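Hi,

Here is the structure I said I would pass on to you.

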Amino acid sequence: MFRSFRRIGVLGVTAVATAAFSAVAAVPASAAEGFEFTLYAKEVPTGQGDDTTGPPPELGTSFAFADDLFRSKGGDNVGRDGVSCTVVRTGNPNDLLCVGTFVLNGGPGGQIMGQTLLSVDPDAEEQAAFDIAVTGGTGDFKDARGTIRSTPDGDFSRLEFHLTG
């Protein structure tokens with residue numbers, strides 16, 4: 001959500017970070033406890049440009065983005081995500097409250113929901129790695145809990161899922 005959460009980003013002078021996912025192993029639903037996998041996410045272009053110049057973000061400003069999810073960089077597409085973020089603190093750092101849903105196809109399949117309070121340093125050239133709390137799921141991920149570690153990885157974001165259920 002969360003980009004993933006796939007790509008979680010920042011507004012104004014800060015850059016938008018992309019969430020990425022890598023390989024999902026085929027695992028039966030009963031393996032939800034202790035289930036770990038990595039996916040790569042790449043942001044879906046919006047056609048609205050990515051101008052990062054302009055005024056700093058304002059409190060209450062919201063934005064949304066979506067990513068395609070892959071087993072490996074440029075590999076098989078295994079799903080998508082949708083994330084919305086709202087600026088809840090301005091300055092240094094900026095804090096963004098982000099909520100998202102990852103939709104995974106195949107085995108395993110279902111949705112994973114997550115959220116994070118993302119602190120963004122407006123002077124940093126790249127978003128630091130951050131954790132996303134898993135708040136639930138559907139399908140094979142019903143009752144999922146755990147964390148997702150999002151790390152920038154070139155044009156992708158690497159998401160490491162650590163789920164319990």
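**What I found**

Let's start with one side chain: Arg-149 is partly exposed, with a relative accessible area of 31%. For these labels, buried means under 20% relative accessible area, exposed means over 50%, and partly exposed is in between, using a 1.4 Å probe and protein chains only.

Before you go further, keep in mind that this is a predicted model, where local features need pLDDT of at least 70, side-chain atom pairs count only at pLDDT 80 or more, and totals for chains, interfaces and linings use all residues. Residues are numbered from 1 along each chain as its sequence is written, and side-chain values use heavy atoms, with hydrogens and water left out.

So what does Arg-149 pair with? Its partner in a salt bridge is Asp-131, with the closest N and O atoms 3.1 Å apart. (A salt bridge here is a side-chain nitrogen of Lys or Arg within 4 Å of a carboxyl oxygen of Asp or Glu.) The two residues are 18 apart and link distant parts of the chain, as Asp-131 sits in strand S6 (residues 130-137) and Arg-149 in strand S7 (residues 145-153). Strands are DSSP runs (E, at least two residues), helices are too (H or I, at least four), and both are numbered from the N terminus. Asp-131 is partly exposed as well, at 42%.

Searching the whole structure gives 6 salt bridges. Among them is the one between Arg-158 and Glu-160, at 3.4 Å from N to O. Arg-158 is partly exposed at 28%, and Glu-160 is partly exposed at 24%. Another joins Asp-143 to Lys-142, with 3.8 Å between the closest N and O atoms. In that pair, Lys-142 is exposed at 57%, while Asp-143 is partly exposed at 49%.

Now the overall fold. The chain has 0 helices and 8 strands. Those 8 strands close into a barrel in the order S1-S2-S3-S4-S5-S6-S7-S8, with antiparallel pairing. (Two strands pair if DSSP finds at least two bridges between them.) Neighbouring strands of the sheet are turned by 30 degrees against each other on average, ignoring direction; the axes are lines fitted to C-alpha atoms, for helices over the stretch in contact, and angles run from 0 to 180 degrees between N-to-C directions. Glu-43 stands opposite Asp-67 in S2.

There is also 1 disulfide (a pair of cysteine sulfur atoms within 2.5 Å). Which cysteines does the disulfide join? Cys-85 and Cys-98, with 2.1 Å from S to S. The torsion about the S-S bond is about 115 degrees, so the disulfide is right-handed. Both cysteines are buried.

Finally, the surface. Of the 165 residues in the chain, 42% are buried. Leu-59, Val-88, Leu-97, Val-99 and Leu-117 make a nonpolar surface patch of about 440 Å². (Patches are made of residues with over 30% relative accessible area and no salt bridge; like charges are joined within 9 Å, and nonpolar side chains, meaning Val, Leu, Ile, Met, Phe, Trp and Tyr, within 5 Å.) Val-88 is in strand S3 (residues 77-89) and is partly exposed at 39%.

Cheers

Key
Areas by Shrake-Rupley, 256 points an atom, 1.4 Å probe, with all protein chains shown as cover.
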